[in-house]
Amino acid sequence: MNDILEFNEIYQEAKGTWNDGRLRFSKQTVVYKNSKTGKLDSIPVPELTQAQWRRVCLGHGIKLCTSTGNIYKYDGFKDTDLEKISEYFKANYKVELIEKDMCVKGWNWGTAKFNGPLLSFEVNDSPAFEIPLASVSQCATGKNEVTVEFHQNDDTEVSLMEVRFYVPPTTGDEGSDPVEAFVQNILSKADVIQATGDAVCIFRELQCLTPRGRYDIRIYPTFLHLHGKTFDYKIPYTTVLRLFLLPHKDQRQMFFVISLDPPIKQGQTRYHFLILLFSKEEDISLTLNMNEDEVERRFEGKLHKNMSGSLYEMVSRVMKALVNRKITVPGNFQGHSGAQCITCSYKASSGLLYPLERGFIYVHKPPVHLRFEEISCVNFARGTTTTRSFDFEIETKQGNQYTFSSIEREEYGKLFDFVNAKKLSIKNRGFKEGMKGNDNMYSDSDDDQHDAYLERMKEEGKIREEANDSDDSEGESCGFESRPGNTTTEVIKMASHCSECVFTVGVQF
């Protein structure tokens, strides 16, 4: 039997939408890679305690339970995969893959069982449906009734807003309220952020470009709290996908970008990126609201109780330590002006495009992040309005196209070499390389004052001079002479019969 078992087009449910990806079973880990975000779920084999095979809406699915209390569900398997996966589990994981039937009776009366991060509604010991408690945003109570509200997902056309449970009064322990006990079981695992205790540190009045405004950022152990004059956001660290630290082109400012999935919401607007702008000259002295022993035990030297330095360095260090994610910075790319970014326009706004080691990121309105693995091809196109600039087009494997326009022509060689070194597919490669070899690829008409009409007249003049030389050798003369009494019309009319006198007439005018 093979040491690795791999399946493509396997789906994972995330807040009401199906994300496709690739699932791989190995002797050490079970790894699932999301094709959309590139996020990895890694399950160590020693932690696996239970595996179930179930018939679901997308064919068949696997439910994996771990000793840490986490539950993972993957759908999209074929019926013929059962025997192959079952034998692999027995041989390598020492875990039996159990077939479990779902209840399809349609009854709305059953038993609610809490199993780690899941609420399972069962009818006759068969699950009818399961609710991931991490998707719960709020839980309200009424008389013998519990209302469970859910986080919304932008990628779904139809969203489940809430589910209501009727909890009948029981004759259980004296003094215990079954409704309250039901609610506490939900809130213990729900993604309901509550600010308890003091913040680790607070950054005051930071300039935020997206969403726009000045915000106080309170750093808590498990979430980030943005407090502004109008809006308030609580961002769990589990929703932080990536961190970027990008130098501005003016070398005096820095962008700190936080990629979020799911995004924060302001009315009907979703923000997938949180962008902070700092001045390099702004310094701060920071004291963490923790004792030195606790700081050393928790952060292992990454942070200290008392720190000082540039404001952007302090924010990035604290975020890196708490979120536990690497900070992405620009690589070896250097543009024509010496900066690590390229000035361009996307849609109706001007911004900066940063070529990174594994992708491109554009800031700041609207921010765009494109990984190399999701790019199908790129294209270098001439600007539509002037030859002083060109457009850089990126097409993704999902069929989306992003056009970054008004890039200075001097950046062409640097950008082309970067794309070529990253082995990205370039449209019309031969044509573009030929243009790259030409120094005047995007020549400006104002640089050398090129006049097409003048050049044409010079060529015609050479032809006429050659004709004059041949006529002079034969001793012939046109006999044309402009006299002071001739009008301009008469001179032009006479000169029209003699091509060799055109420039002479022009001087006389």
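Leu245 has a relative accessibility of 13% and therefore counts as buried, a label for residues under 20% relative accessible area, with exposed meaning over 50% and partly exposed in between (1.4 Å probe, protein chains only). Leu245 sits in strand β19, residues 240-247; strands (E, at least two residues) and helices (H or I, at least four) are DSSP runs numbered from the N terminus. Beyond its neighbours within four places in sequence, Leu245 is in contact (heavy atoms within 4.5 Å) with Met254, Phe255, Phe256, Tyr312, Ser316, Ile327, Thr328, Val329 and Pro330.

The model is predicted, with local features requiring pLDDT of at least 70 and side-chain atom pairs pLDDT 80 or more, while totals for chains, interfaces and linings use all residues. Residues are numbered from 1 along each chain as its sequence is written, and side-chain values use heavy atoms, without hydrogens and water.

Tyr312 and Ser316 are among the buried residues of helix α4. Since 10 of the 13 residues of α4 are buried, this helix is largely enclosed by the rest of the structure. From first C-alpha to last, α4 reaches 18 Å, close to the 18 Å expected at 1.5 Å a residue (1.5 Å times one less than the number of residues). Asn324, which follows α4, has a positive phi, near 65 degrees.

The largest nonpolar core holds 41 residues, and Phe203, Ile219, Leu224, Phe256, Ile258, Val318 and Met319 touch the most other members. Such a core is a set of buried Ala, Val, Leu, Ile, Met, Phe, Trp, Tyr and Cys residues joined through side-chain atoms within 4.5 Å. Helix α4 (residues 311-323) contributes the largest share of this core, 9 residues.
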